[in-house]
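Trainee: I'd like to learn how to read a ligand site. Can you walk me through one?

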Amino acid sequence: MLKIYIDGEFYDKKDAKISVFDHGLLYGDGVFEGIRMYNGRIFKCREHIDRLFESARAIGIRMPMSKEEVIAAMEETLKVNNLNDAYIRLVVTRGIGDLGLDPKLCEKPSVIIITDKIALYPAEIYERGLELVTAATPRNHQEALSPRIKSLNYLNNIMAKMEGHQAGVREVIMLNLDGYVCECSADNIFIVKNGVLATPPPSAGILKGITRDTIMDIARESGTEVREENITRFDLYVADEVFLCGTAAELIAAVKIDGRVIGDGKPGPVFRKLLGKFRELV
Ligand code: PXG
């Protein structure tokens, strides 16, 4: 039976429960991380922990554990569950309060660590690529709720994803309120045009993905020019290649967007080169 870590204790999956008064449940008041372990190594551990602590700080949650303690708890959870390749979900909730919004009444944040086997996308998606549509739902305005905060409130992204389902596709592109391309519902986005790689800057109102940063590093190391710049839907439609990236998805090519075939409709050479280098790295 899978063991789940909650506030220093391990529970069987069926007994791993939190209070209905936890503001993580009542208001989506909390933060999280999604992390991968490959071959017994936690990929970009420090980066994920730093981002978790920044998310917590941004919403005024005082972490009840140090970074080192969180890493140790994560390693122990992986060990208890005998996992070598895993998806790790770190969750920090505001904690137990009453039936009002007031976070001041929540005395202690809860730290939850769920580790499980990774649910990979079907292999054919990596070979053939994905079809995307643009969602009508804009990404949360960054001054209303910064997408830099990986918060437990993902309704903005879920509403966009539902539009994808309605259109019969698995993933959507979200725009910001200026109409520029932001990201997908749970992945960042890149385009390739004339050999140059481009992705929206953090100031466009995106989650600053750790896979995104890794891809930019890999590309620069291999001599590819990388730009962080505003991207329009026109740029997507006329790109040579488009792909998305994230911890769970890794890299996936987008071969059709809003009914337009991208490039020659197959995962392109820059995508395949970067995917190869990414796989070597992990
Ligand atoms: N943008 C958003 C909005 C995300 O939620 C990414 C980009 C990619 O970031 P990383 O750091 O993973 O490269 C994410 C990823 C999942 C899952 O299980 C992933 C995310 C959130 C919820 C679920 O696929 N975040």
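Trainee: How many residues surround the ligand, and which are the closest?

Mentor: Keep in mind that this is a predicted model. To find the neighbours, look for residues with a heavy atom within 4 Å of the molecule. Here 20 residues surround the ligand, and K150, Y154, E183, T211 and T247 are the closest.

Trainee: What kinds of residues make up that shell?

Mentor: Sort them by class. The shell holds seven nonpolar, seven polar and six charged residues.

Trainee: How much of the ligand's accessible area does the protein cover?

Mentor: On its own the ligand has 550 Å² of accessible area, and the protein covers 88% of that.

Trainee: Where does the ligand sit, and which elements give two or more residues to its shell?

Mentor: The ligand sits in the largest pocket. Two or more shell residues come from each of β5 (86–93) and α6 (210–221).

Trainee: Why does the ligand lie between domain 1 and domain 2?

Mentor: Check who contributes to the shell. Domain 1 (3–116) and domain 2 (123–281) both give residues to it, so the ligand lies between them.

Conventions
Residues are numbered from 1 along each chain as its sequence is written. This is a predicted model: local features need pLDDT of at least 70, side-chain atom pairs count only at pLDDT 80 or more; totals for chains, interfaces and linings use all residues. Side-chain values use heavy atoms; hydrogens and water are left out. Accessible areas come from the Shrake-Rupley method with a 1.4 Å probe; for residues, only the protein chains shown count as cover. On a 1 Å grid over the protein atoms alone, a cavity is a set of points where a 1.4 Å probe fits but cannot get out, and a pocket is an open set with protein on both sides within 12 Å along at least five of seven lines; lining residues have an atom within 4 Å of a point. A molecule sits in a cavity or pocket if more than half of its atoms lie within 2 Å of its grid points. Helices (H or I, at least four residues) and strands (E, at least two) are DSSP runs, numbered from the N terminus. Ala, Val, Leu, Ile, Met, Phe, Trp, Tyr, Cys and Pro count as nonpolar, Asp, Glu, Lys and Arg as charged, and the others, Gly among them, as polar. Domain bounds come from an automatic or database domain assignment.
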